[in-house]
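Here's a quick rundown of the charged pairs in this one. Have a look at the model before reading on.

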Amino acid sequence: MLHHVSFGVADLQRSGAFYDAALSPLGYVRVWTDATAMGFGRPGEEDQFALKLDPVSSTPSQRFHLAFAAPTRESVARFHQAALRCGGRDDGAPALCPEYGEYYYAAFVIDPDGYRVEAVINEPL
């Protein structure tokens, strides 16, 4: 249904470094950059997630979050570790989340701008 999503961020370089590290274990890379924005997606493809410099933007409510598809459970754990190393705050360690489904394995972090992001795989081992 969605083509892409973008977040307004206060510090483009800080947020870019955070998402470079956090999204790499999931197979996503920075696919373009300019002076005021950057986009992330699969290598050689268009962006599906963008950051746009907006020093006066505010984060959405705590009910909003964005979930990134992960290829493996191990990549979910690596996402969580990388995000915490690069300025993210823990919002839920990698684990099965049976309240969302039998195979729902996810990790949750809050990025440097306060956005809640998740990595998830919902498949049996």
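Is Arg14 buried, partly exposed or exposed? With a relative accessible area of 36%, Arg14 is partly exposed. Keep in mind that you're looking at a predicted model. Searching the whole structure turns up three salt bridges, and Arg14 is in one of them, paired with Asp113.

**Asp113 and Arg14**
- The closest N and O atoms of Asp113 and Arg14 sit 3.3 Å apart.
- Asp113 counts as buried because its relative accessibility is 16%, and the cut-off for buried is under 20%.

**Asp20 and Arg30**
- Asp20 and Arg30 form a salt bridge too, with 2.5 Å between the closest N and O atoms.
- Here helix 1 supplies Asp20 and strand 2 (residues 29-33) supplies Arg30, so the parts being tied together are 10 residues apart in sequence.
- Asp20 comes out as partly exposed, at 31% relative accessibility.
- Arg30 is partly exposed as well, with a value of 28%.

**Arg116 and Asp91**
- Arg116 has a salt bridge with Asp91, and their closest N and O atoms are 2.6 Å apart.
- Since Arg116 lies in strand 8 and Asp91 in strand 6 (residues 89-96), the pair ties together parts that are 25 residues apart in sequence.
- The side chains of Arg116 and Asp91 also make a polar contact, listed at 2.6 Å.
- Asp91 is partly exposed, with a relative accessible area of 34%.

**More on Arg116**
- You'll find Arg116 in strand 8, which covers residues 116-122.
- Arg116 is buried: its relative accessible area is 18%, and buried means under 20%.
- Which residues does Arg116 touch, leaving out those up to four places away in sequence? The list is Gln62, Phe64, His65, Leu66, Asp91, Val109 and Ile110.
- Asp91, one of those contacts, is also the salt-bridge partner of Arg116.

**The general idea**
- Side chains of opposite charge can pair when their charged atoms come close.

How values were computed
Residues are numbered from 1 along each chain as its sequence is written. This is a predicted model: local features need pLDDT of at least 70, side-chain atom pairs count only at pLDDT 80 or more; totals for chains, interfaces and linings use all residues. Side-chain values use heavy atoms; hydrogens and water are left out. Helices (H or I, at least four residues) and strands (E, at least two) are DSSP runs, numbered from the N terminus. Buried means under 20% relative accessible area, exposed over 50%, partly exposed in between (1.4 Å probe, protein chains only). A polar contact is a pair of N or O atoms within 3.5 Å; within protein, one must be able to donate a hydrogen and the other to accept it, and residues adjacent in sequence count only if both atoms are side-chain atoms. Contact means heavy atoms within 4.5 Å. A salt bridge is a side-chain nitrogen of Lys or Arg within 4 Å of a carboxyl oxygen of Asp or Glu.
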